[in-house]
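Keep the structure open beside you as you read.

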Amino acid sequence: MERLKDTEPMIKLKDIVVKFGDFTALHDINIEVREGEFFTFLGPSGCGKTTTLRTLTGFIDPAEGRVFVRGEDITDVPIEKRNIGIVFQSYALFPTMTVYDNIAFGLKVKKMKKSEIDQKVRTIAKKVDLSDEQLKKAVSQLSGGQQQRVAIARALVTEPAIICLDEPLSNLDAKLRVQLREELKKMQREFGITSIYVTHDQEEALTLSDRIAVFNKGVIEQIGTPNDIYNHSKTEFVCNFIGDINRLSEDIVTLLCLRGADLDTSWHHYVRLERIHVNEPERNGVLTVKGKVASREYYGLYIKYYVDLGSQLVKVMERNDGVHIYDEGDEVTINIDPADLMSYPPTEEAEA
Amino acid sequence: MTNTLKRKPIDATNAFRLIGGLFFAYLFFGFMLVPCLDTLTSIFTTKDANGNVDPFAVIRFFLAGNMGKFVLNSLKLAVLLVITVNVVGISIVLLTEYFDIKGAKILRLGYMTTMIYSGVALVTGYMFLYAGDGILTTALRESFPGIDTSWFSGFNAVLFTMTFACTSNHMLFLRNAIRGIDYNTVEAARNMGASPFKVLFKVVFPTLLPTLFSLTVMTFITGLCAMSAPTLLGYDSINPEIVRLAGSSTADEAFPQARAALLSIILAMFTIILLTVLSRYERKGHYLSVSKTKAKLQKQKITNPVANVLAHIYAYVLFIIYMTPVVMIVIFSFRSWESVKARKLTSGGWTLINYFGSQDYQYTASSGKIKVREGAISGMFSNKDTLGGIQTSFVLSVLAAAIACVIVVVACNYIFKHKKKGLVLEYALLFPWLLPTILICYSYRIFFNSNSVWYVFNQNLYYEDRVRILIVLAYMVVKLPFSLRMIKASFYAIDDELEDAAKNLGSGPLKTFLRVKLPIILPSVLAVFALNFNALFTEYDMSATFNSAHGRTYAMVIQSMVRDEGLSYTNLNASGRRCASTVFIMIVSGLILYLVYGVGARDLSERLAIRDRRRKRIDKLKKAFSGKDKKAEAEG
């Protein structure tokens with residue numbers, strides 16, 4: 001078994017390739033996760049994020065590459081001996097067992113003493129805010145949020161080195177998702193456990209993660225902090241996938257160049273909605289384009305304007321100050337700072 | 001996504017898989033394919049008087065002789081049965097589920113009685129009422145001495161009996177289908193001006209069509225393969241003829257076995273065609289409600305007063321037809337043999353002798369001497385024959401039902417893990433579905449009645465006690481397709497992630513199966529076991545084919561009680577005991593259905609809630625008693 005240096009990160013996926021028959025699901029995946037970090041695999045359906053997670057947990061053997069945990073090569077270590085806890089998308093709670101039995105399952109498999117099991121189950125239950133009364137219940141008697149806590153408790157009770165969470169919020173309604181997202185982050189901080197989180201929800205990824213790996217078609221497009229990913233997207237895919245964005249039309253780019261911007265007109269230029277403004281006082285280096293408000297969406301805290309610039313509609317997100325509110329048909333100017341643009345050379349994929 | 005790329009080491013699991021593969025191959029080839037192929041080839045290997053093989057002798061005989069009559073009779077029964085069963089079946093479902101009929105709950109119970117007694121018990125029950133010496137015929141004869149007392153026999157009697165016997169499927173499946181209708185669609189149609197009957201025909205019926213089509217095909221096959229009713233009521237159809245021919249010899253008639261084989265194959269061809277049509281139709285898919293907020297169906301009032309009264313009269317007439325045999329059987333099971341023989345109810349003559357104990361019968365012989373027949377009157381639990389039949393049927397049915405369930409559970413576990421290879425196994429286990437029961441039984445009876453079948457160690461299985469092995473094998477094989485369909489459905493409830501979760505928590509394959517998967521499917525497996533047992537306990541077709549002194553099942557005992565009825569002095573209360581046996585069957589079946597659908601269907605939360613309520617009740621009682629004790633102590 002190959003050993004890496006002690007300075008190596010908690011998890012290291014090295015040159016991972018996964019194939020299903022002729023189809024290559026993962027191409028040369030390289031990820032390093034630090035101890036205690038909340039690391040997210042983000043991407044659309046079928047991008048390889050769950051396959052990467054399953055490779056880490058041992059459900060899939062890579063065709064090439066190695067998996068290291070704390071410097072130890074665990075590529076050939078069986079699933080049950082990897083010491084990695086998993087919270088499944090469906091929670092995978094055993095429906096024929098009570099909450100208590102669900103949490104105790106892994107400890108019973110390890111043939112621990114009854115008293116020790118009891119002590120561990122009650123301790124972890126307390127930590128995830130499950131009452132003694134709830135422990136006696138069937139899992140179907142609990143709400144979605146409570147079931148999630150059981151799943152987390154079950155994954156943590158065996159004291160794993162890492163916890164993997166595979167889209168654990170995807171089955172919940174929007175309100176509960178936001179609420180549990182906060183609880184999840186709080187819990188992770190309390191336990192201090194290295195966490196791998198899989199999601200296709202960019203908002204979830206941005207709010208929860210220390211770092212994010214953005215997947216696309218079996219490759220990693222970018223690894224970085226939420227701020228890196230959002231404001232300094234490395235690729236056009238990341239820039240498009242994360243958040244809402246305007247891709248400026250060739251006419252607008254040409255117009256900006258005529259007004260002094262140094263832009264390559266053959267490239268694709270993007271600007272985030274909150275980086276452009278309506279009727280902003282003139283600033284140095286900020287270029288203005290005239291347009292007309294085509295429509296408006298009122299969100300309370302923000303107002304989203306669709307402004308017709310002639311060759312394209314651009315979306316602008318303005319804070320609602322209660323004073324500067326524009327109506328449909330109002331003539332406005334749009335202020336764009338070229339420094340806020342994210343620019344990419346055209347690729348076949350983007351052209352498609 | 002499963003662990004597609006996981007490399008499996010050569011270990012105990014692989015060895016187990018190999019043994020399993022060999023076992024299923026042995027089961028399929030040895031007990032499904034080879035015996036039936038033997039039957040098929042026997043048709044073309046008949047020999048003429050000179051000992052030369054004449055491949056088409058039986059077919060020539062079929063075309064020239066009266067064998068075609070049996071096929072036509074069966075087809076006639078099947079076609080008419082489809083009409084009558086659908087008319088009655090749809091009526092009872094609409095009357096209890098769709099229209100607002102007063103006393104619908106009671107009516108439903110009456111219409112469902114065929115679920116707790118069927119087959120030979122039901123046929124003999126109807127005979128007890130309508131046959132020449134039946135209760136109703138006796139009563140009618142007293143009022144109208146000139147009536148034909150043998151009116152309840154032959155085709156009409158078979159059709160009448162089977163019409164009411166075969167509506168159980170309508171009560172199960174059509175009832176579920178009608179309950180699944182989204183009431184909003186009915187309201188929408190009414191809102192657009194459709195009358196209640198227009199709604200019924202244009203909105204409700206079209207959604208029921210797939211279920212009705214399945215029921216029609218199943219009823220047709222039931223009619224075609226009818227056995228107990230034609231045998232007991234005297235109608236020349238295919239199945240009774242096969243059994244008769246199987247027991248005949250070449251000394252009595254021309255190549256009886258080959259003729260029986262030909263009839264079985266004809267039946268199989270019809271079955272295969274019909275099931276192919278059914279499965280093609282099922283593949284087209286059913287109508288599914290697209291509503292996100294489905295509304296519960298509400299009963300429709302029949303606004304026309306005349307139609308309302310007529311519907312009520314129709315509902316209660318059907319109720320009387322369903323209930324009268326049941327009520328009469330229960331009543332007469334507590335009557336003395338004299339009362340049963342006279343088919344009359346008087347204030348006296350009540351007894352438990354048809355159930356328990358035995359009595360001697362004293363009579364004066366023609367010589368004038370007083371003689372005693374010891375034990376001529378005996379209860380079902382005291383009569384050696386009846387008890388023997390119950391015991392035989394119980395043991396054989398439990399064994400067959402359990403083996404079928406175990407085989408199917410193991411198979412389903414494999415099928416769900418290995419989608420492609422599993423498909424072969426699935427089709428192998430569904431194979432008996434294509435074959436009429438009588439073909440399987442007939443094939444077994446002929447093929448295994450030999451000392452030269454190597455894979456059963458050259459043992460003649462149709463010999464003495466070994467016939468019981470043959471019955472268990474036939475019972476089990478016949479029940480495999482049903483068990484597979486039902487248990488496979490329950491496997492869909494197992495989320496793939498549950499197995500992954502157990503594996504992640506350190507559980508091995510066997511432990512995961514026993515502690516995670518099995519508890520999930522167990523209620524369904526037990527339900528299938530119970531339903532299989534229920535069907536096999538009073539099963540007639542196979543019992544009749546394998547009937548012998550060593551393999552006499554409960555159904556055969558019941559049939560023999562009909563035969564014994566006229567034999568005075570030896571078995572005086574045969575009819576009363578038959579009534580008691582039917583009551584026993586109804587209790588056992590009812591209990592099983594209650595356990596399956598009542599107790600077995602509860603999930604963990606319901607069971608915990610019941611346990612909780614029970615605990616609270618006990619605590620309350622304890623408190624009450626301790627309170628009394630304290631009071632007593634204080635007073636003391």
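1. Strand β1 and strand β4 (residues 64-69) of chain A pair in the antiparallel sense, over five bridges. Within that pairing, A:I11 has A:V69 of β4(A) as its bridge partner. For the terms: two strands count as paired if DSSP finds at least two bridges between them. Helices (H or I, at least four residues) and strands (E, at least two) are DSSP runs, numbered from the N terminus.

2. A word on what you are looking at: this is a predicted model, in which local features need pLDDT of at least 70, side-chain atom pairs count only at pLDDT 80 or more, and totals for chains, interfaces and linings use all residues. Residues are numbered from 1 along each chain as its sequence is written, while chains are lettered from A and ligands numbered from 1 in the order in which they are written.

3. β1(A) has another partner to look at. Strand β1 (residues 11-20) and strand β2 (residues 23-33) of chain A are joined by seven bridges in the antiparallel sense.

4. Two other residues of chain A deserve a look for their backbone angles. Most residues other than glycine have a negative phi, and most peptide bonds are trans. A:D15 is not a glycine, yet has a positive phi of about 50 degrees; its place is in strand β1 of chain A. A:E167, also not a glycine, has a positive phi of about 40 degrees and sits in the loop between β7 (162-166) and α6 (174-191) of chain A.

5. Is each of these two buried or exposed? A:D15 is exposed, because 12 other C-beta atoms lie within 10 Å. A:E167 is buried, because 20 other C-beta atoms lie within 10 Å. The cut-offs are 20 or more other C-beta atoms within 10 Å of a residue's own for buried, 12 or fewer for exposed, and partly exposed in between, with C-beta atoms placed from the backbone.

6. Now for chain A as a whole. Chain A holds 11 helices and 18 strands, and its C-alpha atoms fill a box of roughly 75 × 45 × 35 Å along the principal axes. Of its 352 residues, 39% count as buried. Among contacts between residues at least 6 apart in sequence, 66% join residues at least 24 apart; a contact here means that two C-beta atoms, placed from the backbone, lie within 7 Å.

7. Chain A is divided into domain 1 (11-241) and domain 2 (246-351), with bounds that come from an automatic or database domain assignment. The centres of the two domains, taken over C-alpha atoms, are separated by 39 Å. Four residues of domain 1 and six residues of domain 2 take part in the contact between them. On the domain 1 side, the residues divide into one nonpolar, two polar and one charged. In this grouping Ala, Val, Leu, Ile, Met, Phe, Trp, Tyr, Cys and Pro count as nonpolar, Asp, Glu, Lys and Arg as charged, and the others, Gly among them, as polar.

8. Further along chain A there is an open sheet of five strands in the order β13-β17-β14-β15-β16, with antiparallel pairing. Its edge strands, each pairing on one side only, are β13 (277-278) and β16 (313-319). β13(A) pairs with strand β17 (residues 331-336) over two bridges in the antiparallel sense, and A:H277 stands opposite A:N335 in β17(A).

9. Over in chain B, have a look at helix α3 (residues 67-98). This helix has 32 residues and reaches 45 Å from its first C-alpha to its last, close to the 46 Å expected at 1.5 Å a residue; the expected span is 1.5 Å times one less than the number of residues. A kink of about 25 degrees in α3(B) is centred on B:L81, where the bend is the angle between axes fitted to the seven residues ending there and the seven starting there.

10. Which helix holds B:V93? B:V93 lies in helix α3 of chain B and counts as buried because 25 C-beta neighbours fall inside 10 Å. Not counting residues up to four places away in sequence, B:V93 touches B:H170, B:M171, B:L174, B:R175 and B:I178.
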